[in-house]
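A plain account in running text will do.

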Amino acid sequence: MTWLRRILLLSIVLASVAPSLARAVQPDEILTNPKLEARARAISAGLRCLVCQNQSIDDSKAELARDLRLLVRERLKLGESDEQVRDFLVKRYGNFILLKPPLDLETALLWGMPAFVLAAGAIALLFGLRREQSTPAAPLSQAERDRLAAVFDSDTPL
Amino acid sequence: MIVETGHYALALALAVALLQSILPLWGTRTGDSALTSIAVPAAITQFLLLGYAFAALTYAHVVSDFSLVTVAENSLTTKPLIYKIAGVWGNHEGSMLLWVLILAVFGAAVAIFERGMANELRANTLAVQGCISLAFLCFILFTSDPFLRRFPAPFEGQDLNPLLQDPGLAIHPPLLYVGYVGSSIVFSFAVAALISGRLDAAWARYVRPWILIAWIFLTLGIAMGSYWAYYTLGWGGFWFWDPVENASLMPWLAGTALLHSAAVMEKREALKIWTLFLAILTFSLSLLGTFLVRSGVLTSVHSFASDPARGVFILVILSVFIGGPLALYAWRAPSLSQRSVFAPFSRESTLAVNNVLLTTCCATVLTGTLYPLALEALTGDKISVGAPFFNLTLGPLVVPIVLLMPLGQSIAWKRGDLLGAAQRVTVAALGGLVVSILLVATVRGGSVFAAAGLGLAVYLIVGAFTDVASRIWARGQGGRVMLARAVGLPRSAWGAAIAHAGLGLTLMGLAATGWGVERIATVKLGQRIDLGPYQATIENFRSRQGPNYSELVGHTVISQGGAYVTAVDPGKRSFPTRQTTVTEAGIVTLSFGQIYISLGDRHADGSIDARLFWKPLVTSIWIGAVIMAFGGIVSLSDRRLRIGFARRAARLRVADSGAAPEPAE
């Protein structure tokens with residue numbers, strides 16, 4: 001159960017970070033070049049704030065997220081491409097930082113799942129379309145037969 | 001004293017649950033009607049006991065009895081009454097008590113209202129319901145006792161998490177829980193059918209109103225939670241693909257699929273085994289949702305009560321109540337009779353395709369939510385699965401669902417005419433296309449995706465009413481005849497049309513986010529900020545004192561072309577007891593769009609960091625959800641779908657066999 005302990009640890013870190021009053025993207029972070037800034041925002045939206053649960057650094061109020069946002073902007077200003085910025089961060093923090101996991105052997109099942117379920121469903125549907133069989137219904141129980149008889153015997157119209 | 005009696009009632013409820021889960025099952029097995037008939041009074045007694053326990057806990061919160069640990073940790077004498085009451089379920093222990101109370105409400109409702117149902121099915125259903133109750137009562141009493149006392153009692157409580165002190169969050173958990181727990185009754189029906197080995201169209205008819213009720217509440221609960229996140233978290237997002245949100249979305253997707261497959265089962269006696277599976281799946285996902293939120297496996301912004309120690313207990317409950325019925329299903333399902341005669345073009349086939357797509361969506365969300373956990377447990381590698389993944393995988397699945405919806409409504413049961421149905425939706429399709437093209441041509445700055453999404457939404461809304469319109473409209477007939485026809489249409493047809501149109505509205509709001517305007521700036525007093533068609537100016541700052549917080553408010557005037565439109569007061573609240581600050585976003589609704597202002601840090605020169613948004617059509621996201629739920633209510637009022645319909649129709653029905661087939665709708 002090491003992952004459980006690690007998550008517990010993460011939650012403690014989170015709890016200690018939460019009360020800080022820093023906020024998501026602040027005015028002083030914004031680049032003067034709007035094109036560069038737009039790229040920075042797009043990249044940030046795809047990067048995970050490592051101390052938060054499932055928040056992008058673009059949304060997060062954590063200090064670390066602010067540092068990462070500044071880092072992304074620094075690298076863009078140096079003329080790096082979006083890909084280079086992401087690669088740099090992945091090298092530093094691992095795939096954990098990408099909110100869209102890369103397709104590799106480990107995530108093949110994750111990315112393949114929609115197609116797999118869809119294909120399974122489609123096959124089942126085709127199978128259902130072709131099978132035109134009908135099994136007889138379960139026989140009536142004694143109680144039901146009695147009631148049926150009572151209904152047939154009574155004079156009340158249905 | 002009242003608290004002790006509440007605690008005692010809780011323990012008694014456990015004993016009653018034990019009886020309720022064993023005796024009726026035994027009775028139906030051995031044919032002992034005395035034992036079988038215990039189910040009904042047991043379910044009602046359990047409801048009364050749990051109702052009393054819940055009332056006792058509420059009383060303790062209202063009078064601020066800080067000798068109770070849960071009250072001391074979550075309340076404050078100066079807290080407003082509504083949050084004292086909401087505080088009952090604003091914590092782990094109380095929310096679990098609410099969970100079993102709702103479970104008991106559903107059990108009692110089945111006991112009271114479903115009198116016309118076959119005795120055996122009802123007794124078994126209530127027994128299964130008793131089993132769930134038993135497990136959760138054990139969980140509450142042994143690991144999360146809300147009536148735990150502390151001595152000496154503290155003088156003052158620690159206050160409720162400020163984020164939760166909000167009217168939206170006061171009603172969000174009860175709504176969501178009614179949705180989650182409502183699916184339990186459908187699950188119990190399914191397991192009862194598996195136990196008795198009998199499953200027919202009548203079963204689908206009993207179950208449909210209950211599915212609808214759960215679905216209505218789940219829809220409202222999700223919408224409420226999303227709106228809460230939107231206005232409290234302060235950056236204007238409304239859906240984060242957070243595991244806790246996914247946990248509520250999964251049962252909704254499965255429940256939506258179930259709603260449609262149960263319709264097929266009732267009308268055509270097809271998809272029976274599949275419907276049964278969905279019934280089990282929907283509740284399993286609800287349990288998983290409870291597990292994900294309660295166990296602390298995922299720590300997220302929404303998960304306000306986390307404790308890994310309890311996780312193991314819930315894991316056991318989870319494996320028993322998912323594994324058990326699935327095993328029973330695997331054993332029994334093949335022996336259930338199934339008649340699946342499907343014409344390729346018929347309403348049932350479109351519904352089956354919709355089921356495949358919805359289930360794929362559900363499986364995708366489930367995989368995306370659990371994959372990081374599983375991968376880390378197995379290999380130790382950490383990955384993240386976030387919004388970009390879900391948008392990319394679910395987008396292509398939602399589009400065909402939406403395209404298919406009006407078509408499915410327009411095509412007949414049994415052997416439908418695809419060409420005819422396609423002709424009927426032509427108007428809707430053209431409408432959507434024209435809107436898309438106009439938007440691309442006229443509106444600058446928006447993406448093509450947004451325009452396409454809006455066109456799709458128009459197609460869905462117009463298409464939703466196409467079927468109804470074609471059944472009302474008659475050439476050469478007066479308005480009176482058409483009105484009579486409209487009234488005469490089955491309510492379920494109206495319900496479907498309204499609910500589908502509601503989804504269309506939600507889609508419209510989602511698509512319109514593409515035209516949103518965002519400004520992040522350090523704003524000086526009196527400085528005018530352009531926000532799409534409007535301008536915002538922060539005029540002055542004020543301090544305000546609330547009951548348990550102090551607030552800084554920035555009075556902001558919204559104008560359009562120099563003319564005053566309205567004013568709004570975004571603020572920041574400081575809660576001294578918890579030493580937290582919460583942003584109180586200023587939101588104004590202007591013709592379905594909203595201006596959203598959230599304040600940040602204040603600088604020495606009097607300026608303030610602010611995020612200002614113009615969000616066109618954003619309210620239609622939630623209005624759409626409310627309309628969806630309203631469609632569900634209209635369906636529920638359908639003569640054939642009312643709860644207890646079976647009782648009134650009992651005279652006409654022969655035991656619980658399918659009776660005469662319904663005329664095709």
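Helices (H or I, at least four residues) and strands (E, at least two) are DSSP runs, numbered from the N terminus. The model is predicted, and local features need pLDDT of at least 70, side-chain atom pairs count only at pLDDT 80 or more, and totals for chains, interfaces and linings use all residues. Residues are numbered from 1 along each chain as its sequence is written, while chains are lettered from A and ligands numbered from 1 in the order in which they are written.

Chain A has 6 helices and 0 strands, and its elements run α-α-α-α-α-α from the N terminus on. Of its 158 residues, 27% are buried. A residue is called buried if 20 or more other C-beta atoms lie within 10 Å of its own, exposed if 12 or fewer, and partly exposed in between, with C-beta atoms placed from the backbone. Two residues are in contact if their C-beta atoms, placed from the backbone, lie within 7 Å. In chain A, 54% of the contacts with a separation of 6 or more join residues 24 or more positions apart.

Chain B contains 21 helices and 10 strands. Its radius of gyration is 27 Å, close to the 26 Å that the globule rule gives for 665 residues, so chain B is as compact as a globular protein of that length. The radius is taken over C-alpha atoms, and the rule is 2.2 Å times the number of residues to the power 0.38. Along the principal axes, the C-alpha atoms of chain B fill a box of roughly 85 × 80 × 60 Å. Buried residues make up 56% of the 665 in chain B. Of the contacts in chain B between residues at least 6 apart in sequence, 74% join residues at least 24 apart.

Two helix pairs of chain B can now be taken in turn. Two packed helices are described by the angle between their axes and the distance between the axes. Axes are lines fitted to C-alpha atoms, for helices over the stretch in contact, and angles run from 0 to 180 degrees between N-to-C directions.

In chain B, the axes of α1 (residues 2-30) and α7 (residues 119-143) come within 7 Å and cross at roughly 150 degrees. The crossing of α1(B) and α7(B) is left-handed, meaning that the near helix is turned anticlockwise from the far one by less than a right angle (right-handed if clockwise). Residues of α1(B) in this contact include Leu10(B), Leu14(B) and Leu18(B), and those of α7(B) include Leu126(B), Cys131(B) and Leu134(B). By class, the contact of α1(B) with α7(B) has 16 nonpolar, 7 polar and 1 charged residues. Here Ala, Val, Leu, Ile, Met, Phe, Trp, Tyr, Cys and Pro count as nonpolar, Asp, Glu, Lys and Arg as charged, and the others, Gly among them, as polar.

The other pair in chain B is α9 (residues 201-232) and α10 (residues 243-268), whose axes come within 9 Å and cross at roughly 150 degrees. That angle makes α9(B) roughly antiparallel to α10(B). Angles under 35 degrees count as roughly parallel, over 145 as roughly antiparallel, 65 to 115 as roughly perpendicular and the rest as oblique. The crossing of α9(B) and α10(B) is left-handed, and the residues of their contact divide into 16 nonpolar, 6 polar and 3 charged.

Pro152(B) lies in the loop between α7 and α8 (167-196) of chain B, and the peptide bond from Phe151(B) to Pro152(B) is cis, with omega near -5 degrees. Glu269(B), in the loop between α10 and α11 (272-294) of chain B, has a positive phi of about 55 degrees although it is not a glycine. Glu269(B) is buried, with 21 other C-beta atoms within 10 Å.
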